[in-house]
Amino acid sequence: MPGKTDLSELNCSLARTLEVVGDWWTLLIVRDAFLGVHRFGDFQKSLGIAKNILAARLQRLAASGILERSGSERRPAYQLTDRGRALLPAVVALMQWGDRWLSANKPPVVVTDEKGRPVASVKLQSAAGDVTAKTVRFHPGPGATGRTRAFFDELPLPDGSDVAPSNTAKKRRQIGPS
C-alpha cells in the first residue's frame, strides 16, 4: 500500500492547512477547545475517541502550534494558541455549512456573541462587497512556484472576467458555476 501523500510539500496553503487540521478528529478537538475543553479525559469523554488517537492528535496540534500543552505530565491541560484561535472563522464556517446542508437548518449548536446574539454567516468580502462562488477569482500569489504558475496558465479564463492577465499568469480560474 502506498504511503500517505505529504500535503505540506504542495505549493498550496489549503493543502498545507489540511496536513495539520484535515482529519475529522483534529477539527473536533479544536472545536472542543473553543467550547472550553482543556483536559485529555474531557476531550475523550466528549468525542468518544480512542485514547491512542486522541494522544496522537493532541501531540500533533501542540507540535503545530495550534494548542499549547501545560500542567503536569500526569495531568496536562491544552489551550488554544493565537494560531489555534485564528481557526475560529474556518470552524464556524464549516459548522454553518453543516447546519444548512446537513442539518435541515436546525443547528445542533448555535454560535453567538458574548450577549447571546447569533453570529452572522461567514462570508467573503472585498472592498466592493460580497464575493460569491461566481465572482471569486484565484491567482498565483507571491509564494507560487513555477509549477503553480504554469498550472494557472493552463486554466481557462472565466467567462465575463474583467481581470486583465498579468505577466505571470495569463489565464485565471473561476470556482463555482459558470
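Analyst: Helices (H or I, at least four residues) and strands (E, at least two) are DSSP runs, numbered from the N terminus. By that count the protein has seven helices and four strands. This is a predicted model, where local features need pLDDT of at least 70, side-chain atom pairs count only at pLDDT 80 or more, and totals for chains, interfaces and linings use all residues. Residues are numbered from 1 along each chain as its sequence is written, and side-chain values use heavy atoms, with hydrogens and water left out.

User: What pattern does the protein follow along the sequence?

Analyst: The pattern reads α-α-α-α-β-β-α-α-β-β-α.

User: Now H2. Which of its residues are buried?

Analyst: Helix H2 covers residues 24–34, and its buried residues are Thr26, Ile29, Val30, Asp32 and Ala33. Buried means under 20% relative accessible area, with a 1.4 Å probe and protein chains only.

User: Why do they line one face of the helix?

Analyst: Seen down the axis of H2, the buried residues fall within an arc of 160°, so they line one face. The arc is that of the directions from the helix axis to the C-beta atoms.

User: What do they pack against?

Analyst: Their partners include helix H1 (13–21), helix H3 (40–47) and strand E1 (67–71). Contact here means heavy atoms within 4.5 Å.

User: And what follows H2?

Analyst: Gly36 follows H2, and its phi is positive, near 105°.

User: Changing topic, how much of the protein is buried?

Analyst: Of its 178 residues, 24% count as buried.

Technical notes
Buried means under 20% relative accessible area, exposed over 50%, partly exposed in between (1.4 Å probe, protein chains only).
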